Structure formats: structure tokens, C-alpha cells
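The sequence and structure come first, followed by notes grouped by topic.

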Amino acid sequence: MTTDEQPQRLVLMNPGPVVTDDRVRAALSGPDMCHRERDFATLMTRVRSKVTRISGGGADHTAVVLTGSGTSAVEAAIVSAVPAHGGLLVLDNGHYGHRLHEIATPYGIRSRRLEFGWGTPLGLGAVERALRDDQRLTHVGVVHHETSTGMLNDVAAVAALAHRHGREVVVDAVSSVGCEPLSLERDGIDWLAGSANKCLEGAPGLSFVCARRDAFVALATWPRRTHYLDLHRHFTAQEKAGAPAFTPAVPAFHAFDIALDLALAEGVEGRRARYAALAGRLREGLTRLGLRLLLPDGQRAVGLTAVRLPDEVGFEALHSALRAEGFVIYAAQEQLAQGFFRLSTMGQLTGDDIERFLATLARLLPRLTAAPSAGTTGAVR
Ligand SMILES: *Cc1c(COP(=O)(O)O)cnc(C)c1O
């Protein structure tokens, strides 16, 4: 696409990286820094402390910030937290649940996958039976917002159940931290993995793991399955030496610092309300256009809506028609890929963006249903 065709404001309705606040984007051009100097140590410590606060951590909690996408934090948590004799009970009701199992397996971590089906709420009875059956499953891996379907899982209930059975939980909160209520302290989350570029509205490139400080310390006696993603190494470097273990994405730290200020000022509840208002308008408008949504009301996270593709309209055609009008929509994955697409309401979207999106969709749909095969797309799956 040439520059004259490029619309002014690209409305990103993919679930991260999100449209960021101008102040966050401007912070990316912050000062060059050596990561082993005091100025970077101050920045890193400040970011770690804000990350802990937005994740509902108290005085006993801390965060380790990694340079890498959300998956690196999830992988670091699983690979570092499950001890040699232990194992992971994976609660799978979508793509990201399944991924927890795929992360554990190559490291030789014993992983038992409890499959509920995509878009099916987690069944606590089955979780309890699995924990009773196999005492060696020391950890439960669960996704908070299952971004493949938009389902919000009741992680607080899973954590309470796991704790009753003396187990720990590893939570993939990558697409929920900052906008859905989940708290390290209140919900007793043992390991929480998140990333900077979804509901925390920072730039891509950073992710983090939060836990109790003494849990990070205790990793010293665990087996080291990885060099680069070893949480104990990162914790020791960041907490004790005050410098990251490896070269960090310094510009992303500048941006995350500002994004976290904005997140803390808005508050998790405030951000949830803002996203919920956008998602409410979007869902109502889609329904008015005759489109059907995946999942019943009350099961959906505020950050994402999975929508059935209208009959005879392929994702590629819909994507390219909307892309030309300045909207990026997102494909569904695997078993939902053929019949569904996804719309995120994370980031700095406005009510006006949503109204324009709905008006554009209303204008395009009759044309697309009339000419079903049209269009190529820049999107890759
Ligand atoms: C986005 C996402 C991830 C991580 O994806 P990256 O591409 O590594 O950032 C992990 N889990 C969930 C639930 C996600 O939505």
C-alpha cells in the first residue's frame, strides 16, 4: 500500500500489540542508556514495582521483567517453577491452554492436559479429581483470558481449589492483566505471567512474571532447565545486582514506565469499565447487523469478542476490505479459523472508533456477501 492510500489512524482490533497512548509512543524515543548504569537500574526497579502493583501484589511480591513477548514469560514461569519431581496439570479450553502443555513438554516436564473443549468453562470437579489422582502434579497451569475464544476463566476459583490440595498455580494472564480483576494477593496467585503490549498498553518487547519474593528465592534449589529463561537467574540479577541478566529492550522499558503510570492512574477497575463500554457497543452493534457472537454473555472477557463470519464471507475478503478503511481485524485460530474472526477492544480505542467500525462494516457487508471470493490480504495466520 502506498503512503497516500494509508489511512491516517489505523485502528488495531487485534489483541495486541494495541493502539497506544501518544505519551507511550513518544517515550520510545527516550534517552539511550547502558543497562549496567544506575539510570537504567532506577528505571528497571521502578517498572518492576509498578508491574507488581498493577498485578495486585503486596509487600511480599515482586516482578521479574523479561525482554521477550508474552510467551517468554509463560515459558519462564513453567520451566522455572515446576520442580524436578513435580508436574503440571494443564487446564485447556482453548489455544493458549493447549500451549501451556506444549511449552512444558519439550523440557521433559510431566504435563497432564485436562481438555474441556474450546469455549467451554473449566470444570472444577474434573480439576479436583485430577489433583486427587496424581499427587505428583504439583502445579496447575491455567489461562485467565483465553484469547482464542474470548472466554474469561475463573482463575481465582482454580487457585483456591489448587491451594486446598497444596498445589501452586501458574497463570497466563497475558491478555488480562491490567483490565480484568485478578490479584496476586487477594486471589493468591503463585505465578502470574503478563506482557506489556496488551491490556497494559505498552510497546511490544517486554513481558514479566510476578510472584512472592520468597518463591523466587526458593528457585535456587530447583533444577535449571534453561539458561535464558531461568527465572532465578533473572530475579537474582534484577533484585540483587540491580541490572538485568541480559541486554534489555531499553526503549520498551521507557514506554512501559509511562504505560504503567497511565494504567495505575486509570486503575484496573477503571480500565475494565472503559473496555467493557467499548465491547458493549461493539457487541450490540454486531448483533444489530445480524452477526452471531461466540460464547454467552457473562463468559466473555472485556478485551475480545469472537464473531461468526457471515455466511459466504471469507476472513481474507473481510480483512482486506476493512484494512483498506483503516481497521485491522484478527483471524481466529485452529478449529475456529474457518467460521470465526476476532475483534479486540484492548488499547486506546475510542467509542468513535467502534461506531465508525460498525458503520463501515454495515456498508461493506452487503457488497461482500454479493461477491464472496474477492480480495487478498496482508494478514498471515
Ligand atoms: C498474546 C497471548 C500470549 C503471548 O503471545 P506472544 O505472541 O508471545 O506475546 C500468551 N497467552 C495469551 C492468553 C495471549 O493472549
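Which helices each supply at least two residues of the lining of the largest pocket? They are helix H3 (70-81) and helix H4 (95-104). The model is predicted, and the space taken by its ligand is the largest pocket.

**Largest pocket**

- The volume of the largest pocket is about 350 Å³.
- Its lining consists of 21 residues, and those nearest the centre are Thr71, Tyr96, Arg99, Val174 and Lys198.
- H3 contributes three residues, the largest share of this lining.
- Sorted by class, the lining of the largest pocket comprises seven nonpolar, 10 polar and four charged residues.

**Ligand surroundings**

- The residues around the ligand are Ser69, Gly70, Thr71, Tyr96, Arg99, Val143, His145, Thr147, Asp172, Val174, Ser175 and Lys198.
- The shell around the ligand divides into three nonpolar, six polar and three charged residues.

**Polar contacts and burial of the ligand**

- In serine 69, a side-chain N or O atom is 2.5 Å from an oxygen atom of the ligand.
- In threonine 147, a side-chain N or O atom is also 2.5 Å from an oxygen atom of the ligand.
- Glycine 70 takes part through its backbone, where an N or O atom lies 3.1 Å from a ligand oxygen atom.
- The ligand taken alone exposes 380 Å², of which the protein buries 84%.

**Enclosed cavities**

- Two cavities of 30 Å³ or more are counted.
- The largest cavity has a volume of about 100 Å³.
- It is lined by 13 residues, with Val65, Leu66, Thr67, His234 and Phe246 closest to its centre.
- Strand E2 (61-67) and helix H8 (231-241) are the elements that give two or more residues to the lining of the largest cavity.
- E2 provides the largest share of that lining, three residues.
- Nine residues lining the largest cavity are nonpolar and four are polar, with no charged residue.
- The second largest cavity has a volume of about 50 Å³.
- Lining the second largest cavity are Val79, Ser80, Leu219, Trp222, Pro223, Arg224, Arg225, Thr226, Asp230 and His232.
- By class, the lining of the second largest cavity has four nonpolar, three polar and three charged residues.

Terms used
Residues are numbered from 1 along each chain as its sequence is written. This is a predicted model: local features need pLDDT of at least 70, side-chain atom pairs count only at pLDDT 80 or more; totals for chains, interfaces and linings use all residues. Side-chain values use heavy atoms; hydrogens and water are left out. On a 1 Å grid over the protein atoms alone, a cavity is a set of points where a 1.4 Å probe fits but cannot get out, and a pocket is an open set with protein on both sides within 12 Å along at least five of seven lines; lining residues have an atom within 4 Å of a point. Grid points are joined across faces, edges and corners, and a volume is the space filled by probe spheres set on the points. Helices (H or I, at least four residues) and strands (E, at least two) are DSSP runs, numbered from the N terminus. Ala, Val, Leu, Ile, Met, Phe, Trp, Tyr, Cys and Pro count as nonpolar, Asp, Glu, Lys and Arg as charged, and the others, Gly among them, as polar. A residue is near a molecule or strand if one of its heavy atoms lies within 4 Å of it. A polar contact is a pair of N or O atoms within 3.5 Å; within protein, one must be able to donate a hydrogen and the other to accept it, and residues adjacent in sequence count only if both atoms are side-chain atoms. Accessible areas come from the Shrake-Rupley method with a 1.4 Å probe; for residues, only the protein chains shown count as cover. A molecule sits in a cavity or pocket if more than half of its atoms lie within 2 Å of its grid points.
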